[in-house]
Amino acid sequence: MEIQFLGTGSAWSLPEHSCRCAICTRMTELGEERTRTSFVVRSREETVLVDCGPDLRVQMRRNQLERPDLILVTHEHGDHYLGMDDLLAFRRSVPKAAWQPIPVYATEQSWQEMEIRFGYLLGSLVEKRPAVPGAALNGPKMRITPFKTFHGPFAKGSVGYVMETTEPESPFRLVYTSDFMSLEAEPDLLFEPDVLVIQVHWLNEPVENRPYHMSFQNALDYIKRWKPKKAAYLVHISDADKVPGDPCNDFLKKYDAAAPLADPHSQVPYPVPRCQSEWQAVVDRIGFDHGIPTPIIVARDGLRVVAD
């Protein structure tokens, strides 16, 4: 199985336009960018695109993306499906007789919102397919099972997905949480996957988790409990943490930390990362201090992982 991260950022991408906060400033200086979170999973038999946000056209060109065999939409927020129109590039570039609509899976609650915007694409560009939490999807060659996630009152259709290859000689299981704050239940499929891809919107859990996202501080508990065998990858990273001393900490998007993650020996809070290298350094240090044996990797746009 191969994983290709098309985007690893939050709803507004990073660095944000016109923002002068410490995080956006440092990323701009380094020429770094995180587009909206999306990735591709390739097995021997099929290619699966997970979410298609508004950066999809740029992501397709940067990564030379081929037509996916199917698409999984995790929930009805715009940064996860508003790029669906850009899939027309695949249909416009083949003979009419050769085209078959791309199956798109989402929960019924998500489809209610998605059809308002993209109902005109159904039957021509994409084929509507249901995703029911707890039930394996009908159609894919991989075994793909949605599971319910809580991402607040305005994302009632939110789910994560478990993807399993069916080749007996090389079984593989990937868990993707998508955006979430908590889970209603933790089915057995979530435990001891080969790879975990988990949302990390902040480093520190905020006093008020208004957008209902996961922090790395809280994600540590899931990583410890689920015990991924090969690696955990962090995605959906934002600039919402407050960097000490940053004069832009009064911006609307910045959140106060409730009880910042701190070094267990010195009790000094870990530094708030501003860029890819700082994120990885902090995550490595925290993982070591917490005795987590599995590598925790901060995914970046364009990262390709052969995970067999």
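Which backbone oxygen does the side chain of Q217 reach?

1. Basis. This is a predicted model: local features need pLDDT of at least 70, side-chain atom pairs count only at pLDDT 80 or more, and totals for chains, interfaces and linings use all residues. Residues are numbered from 1 along each chain as its sequence is written, and side-chain values use heavy atoms, with hydrogens and water left out.

2. Q217. The side chain of Q217 reaches the backbone oxygen of A259 at 2.7 Å. Q217 sits in helix α5 (residues 216–226). Helices (H or I, at least four residues) and strands (E, at least two) are DSSP runs, numbered from the N terminus. Q217 counts as buried because its relative accessibility is 17%, and buried means under 20% relative accessible area (1.4 Å probe, protein chains only).

3. Neighbours of Q217. Contact means heavy atoms within 4.5 Å. Beyond its neighbours within four places in sequence, Q217 is in contact with L203, N204, E205, A259, P260 and L261.

4. The sheet. Six strands form an open sheet, in the order β7-β8-β9-β10-β11-β12, with mixed pairing. Two strands pair if DSSP finds at least two bridges between them. β7 (143–148) and β12 (296–298) are at the edges; each has a single partner strand, so one side of each lacks a neighbour in the sheet.

5. One pair. β9 (residues 173–176) and β10 (residues 195–199) pair in the parallel sense over 3 bridges. V175 has L196 in β10 as its bridge partner.

Definitions and conventions. Buried means under 20% relative accessible area, exposed over 50%, partly exposed in between (1.4 Å probe, protein chains only). A polar contact is a pair of N or O atoms within 3.5 Å; within protein, one must be able to donate a hydrogen and the other to accept it, and residues adjacent in sequence count only if both atoms are side-chain atoms.
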